[in-house]
Amino acid sequence: MEVLALYNYWVVIFLMMTGFYVVIASGNLVKKIIGINLFQASVFILYISMGKVSGGSAPILREAVQTYSNPLPHVLILTAIVVGVATTALGLALVVRIKEAYGTAEEDDIHRQDESL
Amino acid sequence: MRDNPVLRVVTKITIPIILLFAMYVQFHGDYGPGGGFQAGVIFAAAFILYGLVFGTSAVRQVVSPGILRLLTALGLLLFAGVGILTMLLGSDYLDYNTLGQDPLHGQHLGIFLVELGVGITVAAVMITVFLAFAGRRD
Amino acid sequence: MIELINIVLLGLLVITAIAAIRLHDLFAVTIMFGIYSLLAATVFVVLDAVDVAFTEAAVGVGISTILMLATIGLVGRREKPPAHRPLLPLVVVAVTGAALVYGTFDMPPFAAPDAPVQQHVAPRYLEQSPHEIGIPNVVTAVLASYRGYDTLGELTVIFTAGVGVLALLGFRRRRSLVADSPEEEP
């Protein structure tokens, strides 16, 4: 049944949606950033599972192997992982500065302080 | 954490092993999994472990912020400089074929230099970010 | 056997993700994120992506978790319980998820060797890389040589993030903390 062969992707989409939910439903800024990272990690799983070839092996050329998995998604996701940690570091630095400026890292309190200015 | 003798001794034993492993991953990225990014992160992990156990001032004594700033820029300069070098040798930007006596040697040398640049910058940036966060409340 | 490993790993990922939603202690959420990254790295190994697994384990479990723990130490560990009912986020998430699942119906089945993504460029890299570049690790060859510009851009992004964190936080905090004081010397 070809629909069952897609259940991998559906589980990964469920993981993406949990990460997305953490981003939009939590008020704490640090938890939002953790949610973004969860979302990113599941997107990586989606891309890498698209590059897998059944019966293939890791794309390191060896004598005894005929088929290899597709190396192109691996390269793209390697870049994406490193860019992800760069944006996480910058985002967390911003959260630290926000906490020092407003005294809180909760979105509602920050909005309240901004509106009462 | 520096009062705990177990942590102190085990850290002092494992940090050289971590650094050696980082250099192995850096230079054997051509023959197995690895390369500049992984090696840079593992190299920084050794310094972060040192900072977690012995404090950020100890890390600052080992590698000063000035050196870190220099290394951050040096890796990127190395990468971009390899491209400029290939342009000066007559072909396109980042065309490694001209770097050696034949294309295969040129590619090997180009990939070696480029991954070295990547490893240096990634390690320096990770240590910098850790020192910035951990030194905030010293 | 591989399918069983896959199912178990994906199940653990789902459990960890749901736990990360439900917990309100940010320390526990960070550790859940570390476990999630480790499980994702294991999934990458099962899917033959060894370089990616290495990077995800080093970067996701190592650097990201350390930075989040440092931030929690500076910002505070408890999350305020949510004040609004989560109806609108749930609706948005359900609609987005349904749209994505609808999109997957056009995709080729998992790990099919004749999928469109396996044609065109990937066989060319795998076949020509021994002759043109000559190193066994095709991912490094593609990353550093065939797609060298992208790696240069990625390195610039890392460099910019380092500069940005230095500009925001600096290396050492000054004792005087008036809100309008000038930027600390990095």
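The following exercises, each with a worked solution, concern a predicted model.

**Exercise 1. Confidence of the model**

Determine which helix of chain C has the lowest confidence and which has the highest.

*Solution.* Next, take chain C as a whole, where the average pLDDT is 87 and 92% of the residues score at least 70. Then turn to the helices. Confidence in chain C is lowest in helix H5 (residues 121–132), with a mean of 87, and highest in helix H2 (residues 26–46), at 94. Finally, inspect residues 176–186 of chain C, over which pLDDT stays under 50. For this stretch the model has ten contacts beyond four places in sequence. Where pLDDT is low, predicted coordinates should not be read in detail.

**Exercise 2. Overall form of chain C**

*Solution.* Read from the N terminus, its elements accordingly run α-α-α-α-α-α-α. As for its dimensions, the C-alpha trace of chain C spans about 60 × 45 × 30 Å along the principal axes.

**Exercise 3. Helices H1 and H2 of chain A**

Characterise the packing of H1(A) with H2(A) by angle, axis separation and handedness.

*Solution.* The helices in question are H1 (7–25) and H2 (29–50) of chain A. They pack at an angle of about 165°, and their axes are 7 Å apart. Angles over 145 degrees count as roughly antiparallel, which means that H1(A) is roughly antiparallel to H2(A). The crossing is left-handed. On the H1(A) side the contact includes A:Tyr9, A:Val12, A:Met16 and A:Phe20, and on the H2(A) side it includes A:Lys31, A:Lys32, A:Ile36 and A:Phe39. By class, this contact has 14 nonpolar, six polar and two charged residues.

**Exercise 4. Helices H4 and H5 of chain B**

Carry out the corresponding analysis for H4(B) and H5(B), giving angle and axis separation, handedness and residue classes.

*Solution.* H4(B) covers residues 65–88 and H5(B) covers residues 103–134; their packing angle is about 155°, with the axes 8 Å apart. The two helices are therefore roughly antiparallel to each other. Their crossing is left-handed. Among the residues in contact are B:Leu68, B:Gly75 and B:Phe79 of H4(B), together with B:Gly110, B:Gly117 and B:Ile127 of H5(B). The classes are 15 nonpolar, six polar and no charged residues.

**Exercise 5. Contacts between chains**

Describe the contact of chain A with chain C and that of chain B with chain A. Which helix gives the most to the side of chain A that touches chain C?

*Solution.* Chain A contributes 72 residues to its contact with chain C, and chain C contributes 77. On the chain A side, helices H1 (7–25), H2 (29–50) and H3 (71–102) each supply at least two residues. H3(A) gives the most, with 24 residues. By class, this side of chain A has 47 nonpolar, 18 polar and seven charged residues.

For the other pair, four residues of chain B are in contact with five residues of chain A. The chain B side of that contact has two nonpolar, one polar and one charged residues.

How values were computed:
Residues numbered from 1 in each chain as written. Chains lettered and ligands numbered in written order. Predicted model: local features only at pLDDT ≥ 70, side-chain atom pairs only at ≥ 80, totals over all residues. Axes fitted to C-alpha atoms, helices over the stretch in contact; angles between N-to-C directions. Helix = DSSP H or I, 4+ residues; strand = E, 2+ residues; numbered from the N terminus. Parallel < 35°, antiparallel > 145°, perpendicular 65-115°, else oblique. Left-handed = near helix turned anticlockwise from the far one by under 90°. Contact = placed C-beta atoms within 7 Å. Nonpolar A, V, L, I, M, F, W, Y, C, P; charged D, E, K, R; others polar. pLDDT = per-residue confidence, 0-100.
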